[in-house]
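Good morning, and thank you for joining. I would ask you to look at the sequence and the structure on the screen, and then I shall go through them.

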Amino acid sequence: KIIIFGTGEFAQEIFLYLKKFSKFEVVAFTAHKEFIKDKMLFEKPIIPFEEIENHYSVHEASMLICVGFSKMNKKREKIFYEVKKKKYKLENFIHPSNYIWDEFEIGENCIILENNIIRPHVKIGNDVIIENNNVISHHSIVKDHCYITSHAIIAGHVTIESNSYLGINCTIRNRVKIEKESLIGAGAVI
C-alpha cells in the first residue's frame with residue numbers, strides 16, 4: 001500500500017503510472033491541509049498530511065512524493081524531510097521500459113519514467129525525478145532533489161549537484177560538474 005503526496009497534475013500522472021506499471025496499491029493521496037480543495041481524487045481519499053498517521057500507520061503504508069520542480073525542487077525537498085520525520089518509508093518508481101545496468105545506485109523517493117538509458121556505475125541520490133528518453137552515461141552522479149526533464153544527454157563522469165533542474169534536450173559534456181541549484185535551459189549545451 002502506498003500514499004501519494006500531492007494532488008496536482010504530476011501526482012495524477014504518477015497515480016496512473018503506478019496503477020498500470022507497479023505492484024503498489026494507491027490507498028490515498030495526501031497534502032498539507034491548506035492546499036486541499038477536494039475530499040477525493042480517482043476515488044481515493046485526500047487526507048491532510050498533518051493527520052495522515054491517524055489513517056495509515058508507517059507499518060501499513062509507504063509514500064511517494066509526487067511534487068514537481070517548483071522553487072528549484074526545494075518544495076519537494078522540504079516535504080521529503082517532513083515525511084522522513086514521520087518515519088514513513090519512501091518508495092521509488094522505475095518504469096519497466098528503462099534500460100538500467102546492475103552497477104547502479106539509487107536513493108529513495110525517486111521517479112524514473114519510461115525509455116531512459118542509465119549506463120554502468122551511475123549514482124542517483126534521494127528525491128530525484130527523471131522524465132522520459134534520457135541518457136545518463138557511465139560514472140555520472142545525480143545528487144539529491146534534482147529534476148531531469150526529457151531528452152537530456154548526460155555524458156560520462158558528470159556530477160549534477162543537488163537541487164538542479166535540467167531542461168528538455170540539454171546536453172552535458174563529459175567530466176563537467178553542474179553546481180548546486182543550477183537551472184540548465186532547454187537545448188543548452190554545457
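How many helices and how many strands does the chain have? The chain has two helices and 21 strands; helices (H or I, at least four residues) and strands (E, at least two) are DSSP runs, numbered from the N terminus. This is a predicted model, in which local features need pLDDT of at least 70 and side-chain atom pairs count only at pLDDT 80 or more, whereas totals for chains, interfaces and linings use all residues. Residues are numbered from 1 along each chain as its sequence is written, and side-chain values use heavy atoms, with hydrogens and water left out.

I turn to overall dimensions. The radius of gyration, taken over C-alpha atoms, is 16 Å, which agrees with the value near 16 Å for a compact globule, because the chain has 190 residues and the globule rule is 2.2 Å times the number of residues to the power 0.38. Along its principal axes, the C-alpha trace spans about 50 × 30 × 25 Å.

Next, burial and surface. Of the 190 residues, 49% are buried, meaning under 20% relative accessible area with a 1.4 Å probe, protein chains only. The chain exposes about 9600 Å², and carbon and sulfur atoms supply 51% of that area, computed by the Shrake-Rupley method with a 1.4 Å probe. Among contacts (heavy atoms within 4.5 Å) with a separation of 6 or more, 31% are between residues 24 or more positions apart.

As for charge, the mean positions of the 25 positive and 24 negative charges are 2 Å apart. Lys and Arg count as positive and Asp and Glu as negative, while His and the chain ends are not counted; the places used are NZ of Lys, CZ of Arg, CG of Asp and CD of Glu.

Now the strands, where pairing requires at least two DSSP bridges. In what order do the five strands of the open sheet lie? The order is β8-β11-β14-β17-β20, with parallel pairing. Three bridges join β8 to β11 (residues 122-124), and Phe-104 has Val-122 as its bridge partner in β11.

Elsewhere, β2 (residues 26-31) runs parallel to β4 (residues 44-48) over three bridges, with Phe-29 opposite Ile-46. Strand β4 also pairs with β3 (residues 40-41), in the antiparallel sense over two bridges, and Met-40 stands opposite Pro-45. Two residues separate β3 and β4 in this hairpin, and Phe-42 in the turn has a positive phi of about 50 degrees.

Terms used. Buried < 20%, exposed > 50% of the residue type's maximum accessible area, 1.4 Å probe, protein only.
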